[in-house]
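Reader: Hey, could you walk me through this one? I'm new to reading structures.
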Amino acid sequence: MRSARVIYEGTVRAATERDGQLLLDDGRLVAAEAVTWLPPVAPTAQARTILALGLNYADHAKELEFKAPEEPLVFLKGENALNGHRQVTRRPPDVKFMHYECELTVVIGKAAKKVKRSDAYDFIAGYTVANDYAIRDYLENWYRPNLRVKNRDGATPLGPWLVDAADIPDPMALALSTTVNGKITQSGNTRDMIFDVPFLIEYFSSFMTLRPGDLILTGTPDGVVDCRPGDVVVTEIERVGALMNTIG
Amino acid sequence: MSIGSLRTVYGVLLNSRAEFEAWAPKMSETPYKAPPKAPVLYIKPANTWSAHGADIPLPASVPEVEIGATIAMLMKAPGEVAGYLLMNDLSVPHASYFRPPVRFKCLDGFLGVGGSLLAAGNAVDPSRLLLEVRINGELKQTVAFDQLVRPPRQLLAEVGEFMTLGAGDALMLGVGANRPRARAGDHIEIECEGLGTLSNRLVAEGA
């Protein structure tokens, strides 16, 4: 099942996909363009932990002139960074290089502590797509990538759908692509991750408890380009969804 | 103050002037190459939160932890501070500040939160607060907030330039230099007039 969270006529509603439209939880069928899309994950009682990987595809690490890491390069985000499908992410007027990052995102389904990689898939509720924008002008070599680059308000669109784990039999063989104004600028496959999803769940849960609703953004492959105001950026992952964002 | 009402908790690196100055000679070297320009933040996620009085588990792989006694500004709304709160920002000691410190700072229970909330107001100047840190009853460190690289108001303003701190979010003022270390079995107590006491005991995980 593919589920979403939207605002329709001023009210937050859960929705599912039906025939290319949205079936709201009150039974109404509405068009994708008729709603305001929210990140597709339900609010959590405590603040959600959002883990994001850097340099997790060998080609992207090379592109950024880093050798592939020996352990995951991970940073955290606050919920202020999240944004919905079909929303706008702001580019500050003074910057020279702002790029998208198309990332398979894991949504944790149950509390995970010291999980073995062979059991890791049991702890996943589903998958969605993140566009983890970065503004490289603000990179500094202190806790890099620093939060000024990666934790900006609304600069991590998520969605459109939360796709049940059962509908993605092999998350490690999904094509990823990004288009800017309809032209393909990034393409890759999740099979090229350096640290795959089961490894990441084993690694993180070895020192921290992951809780339902926590997110793991698994990194992006080669092919990031600068995006300008007005550009329409679509980050798409096979079977998971196509997430649209406009640079504002 | 209930931990349940917290949202995202942020820490700030190198906000103690004494520690910043101690680091200064290294700041132009590899891998840093330049002193930090904007505030350098990190997050202490919800799995790290330990209430006053709670035991904090230390994995066998972590023989000792660094105590990061500090004060957090708890937000009421963007730009508006509800009050001040004691925090114990524990870390696995780490020498490099190049990569984000998730596996050093985000272990279960690694943020003591507590004492009582000192409501913000004209009569309260957080830069005048003084913390006393005791391990097993012995005074190990005092932390003052009158020598910060970015005083509270400036820190809030500079962080606010790139992200919004909303209701329930907290921003720590930074830890002092020469932080004491503690081991399993130790009892850590952080005390501050007006903010009460935050005490936690370190216990060996699984013991």
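Reader: What share of the contacts in chain B with a separation of 6 or more comes from residues 24 or more positions apart?
Author: It's 75%. Two residues are in contact if their C-beta atoms, placed from the backbone, lie within 7 Å. Keep in mind that this is a predicted model, where local features need pLDDT of at least 70, side-chain atom pairs count only at pLDDT 80 or more, and totals for chains, interfaces and linings use all residues. Residues are numbered from 1 along each chain as its sequence is written, while chains are lettered from A and ligands numbered from 1 in the order in which they are written.

Reader: And how much of chain B is buried?
Author: Of its 207 residues, 47% are buried (20 or more other C-beta atoms within 10 Å of the residue's own, with C-beta atoms placed from the backbone).

Reader: What box do the C-alpha atoms of chain B fill?
Author: Roughly 45 × 45 × 30 Å, along the principal axes.

Reader: Switching topic: how many residues of chain A are in contact with chain B?
Author: 26 residues of chain A, and they meet 31 residues of chain B. On the chain A side, eleven are nonpolar, eight polar and seven charged. Here Ala, Val, Leu, Ile, Met, Phe, Trp, Tyr, Cys and Pro count as nonpolar, Asp, Glu, Lys and Arg as charged, and the others, Gly among them, as polar.

Reader: Which element of chain A gives the most to that side?
Author: β7(A), with four residues. Strands are DSSP runs of E with at least two residues, numbered from the N terminus.

How values were computed
A residue is buried if 20 or more other C-beta atoms lie within 10 Å of its own, exposed if 12 or fewer, and partly exposed in between; C-beta atoms are placed from the backbone.
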